[in-house]
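This report is for a reader who has not seen this structure before. Please look over the sequence and the model below before reading on.

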Amino acid sequence: MSAATGPLPHRFKACPADGIRAEFGVCRGDPIHHIQDLILGDTFLPKRDARWLAVTTDDADHETFTLAMAANAPHAQLVTLAEMIFMSITGQRIDVYAAVCNGQLYFVSETGFRTSVEYILIDIQRREDAVVPAILPKDDPVTLPMTRSHAPQTANRTLRLIG
């Protein structure tokens, strides 16, 4: 590392959350789609075909991660919603970030989950200040309060908060 280039980005692995399912617990057998599907004490198992993608972050607090979608496409930003701790049945601890990009939940970790190993969620800390924009369909009219009487009463809103 040189002073001209700055610090190197920290490398992580990200897996779409639907590549992991609850093996035992409240959401047993269901793939994970939302942060609400993660219940303390539940046991999770990665699917055999789960894809682990390379992501990076320059942020010391790991609030965002950068995912290279394709060579000719802009990088996607994953926004962290929660920090989690998983423990394997063999005693291995894995710190995981639940992050979202374009409405899809990802598990982000320094090491990926191993296939055929069950992991128990032992801690989850939500980040209440996480704000994630999402694009709504164009045909979803939203009534907005207007101060002028001549202003239109409906508009197409393109962003809303999720997470």
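## Thr43 and its surroundings

Leaving aside neighbours within four places in sequence, Thr43 is in contact with Arg21, Ala22, Glu23, Phe24, Glu118, Tyr119 and Ile120. The model described here is a predicted one. Thr43 belongs to strand β3. Its relative accessible area is 10%, and buried means under 20%, so Thr43 counts as buried.

Two of the residues that Thr43 touches, Arg21 and Glu23, are themselves joined by a salt bridge, in which the closest N and O atoms are 2.8 Å apart. Arg21 has a relative accessible area of 27% and is therefore partly exposed. Glu23, at 18%, is buried.

## The nonpolar cores

The largest nonpolar core holds 23 residues, and Leu38, Phe44, Met84, Phe86, Phe107 and Phe113 touch the most other members. At least two residues of this core come from each of the strands β2 (20-24), β6 (76-88), β7 (93-101), β8 (104-109) and β9 (119-126). Another core lies apart from it and has 12 residues, among them Phe65, Leu67, Leu78 and Cys101.

What does Phe107 touch, not counting residues up to four places away in sequence? Its contacts include Lys13, Ala14, Cys15, Ala17 and Ile20. Also among them are Ile32, Leu38, Trp52, Met84, Val96, Tyr97 and Phe113.

## Aromatic pairs

A pair of aromatic rings is described by the distance of the centres and the angle of the planes. The model has 9 aromatic pairs. One of them joins Phe12 and Tyr97, with centres 6.2 Å apart and 80° between the planes, an edge-to-face arrangement. This pair links distant parts of the chain: Phe12 is in strand β1 (residues 10-16) and Tyr97 in strand β7, 85 residues apart. Phe12 has 5% relative accessibility, so Phe12 counts as buried. Tyr97, with 14%, is buried too.

Phe44 and Phe86 form another pair; their ring centres are 5.8 Å apart and their planes stand at 85°, so this pair is edge-to-face. Here too distant parts of the chain are linked, with Phe44 in strand β3 (residues 43-46) and Phe86 in strand β6, 42 residues apart. Both Phe44 and Phe86 are buried. They belong to one aromatic cluster, together with Trp52, Phe107, Phe113 and Tyr119.

Is β7 enclosed or open? Of its 9 residues, 7 are buried, so β7 is largely enclosed by the rest of the structure.

Strands β6 and β7 run antiparallel and are joined by 8 bridges. Within this pairing, Ala82 has Ala98 of β7 as its bridge partner. The hairpin of β6 and β7 has 4 residues between the strands, and Gly91 there takes a positive phi near 95°.

Strand β8 is also antiparallel to β7, with 6 bridges between the two. Ala99 stands opposite Tyr106 in β8. The hairpin of β7 and β8 has 2 residues between the strands, and Asn102 in the turn has a positive phi of about 55°.

## Salt bridges

Side chains of opposite charge can pair when their charged atoms come close. The count of salt bridges in the model is 3.

Another is formed by the side chains of Glu83 and Arg127, at 2.7 Å from N to O. This bridge links distant parts of the chain: Glu83 is in strand β6, while Arg127 is in the loop between β9 and β10 (132-135), 44 residues apart. Glu83 is partly exposed, with a relative accessible area of 34%, whereas Arg127 is buried, at 17%.

Asp95 and Arg93 form a salt bridge as well, with their closest N and O atoms 2.9 Å apart. Asp95 has a relative accessible area of 41% and is therefore partly exposed. Arg93, at 51%, is exposed.

Note on methods: Residues are numbered from 1 along each chain as its sequence is written. This is a predicted model: local features need pLDDT of at least 70, side-chain atom pairs count only at pLDDT 80 or more; totals for chains, interfaces and linings use all residues. Side-chain values use heavy atoms; hydrogens and water are left out. A nonpolar core is a set of buried Ala, Val, Leu, Ile, Met, Phe, Trp, Tyr and Cys residues joined through side-chain atoms within 4.5 Å. Buried means under 20% relative accessible area, exposed over 50%, partly exposed in between (1.4 Å probe, protein chains only). Contact means heavy atoms within 4.5 Å. Rings of Phe, Tyr and Trp (its six-membered ring) pair if their centres lie within 6.5 Å; planes under 30 degrees apart count as stacked, over 60 as edge-to-face and the rest as tilted. Two strands pair if DSSP finds at least two bridges between them. A salt bridge is a side-chain nitrogen of Lys or Arg within 4 Å of a carboxyl oxygen of Asp or Glu.
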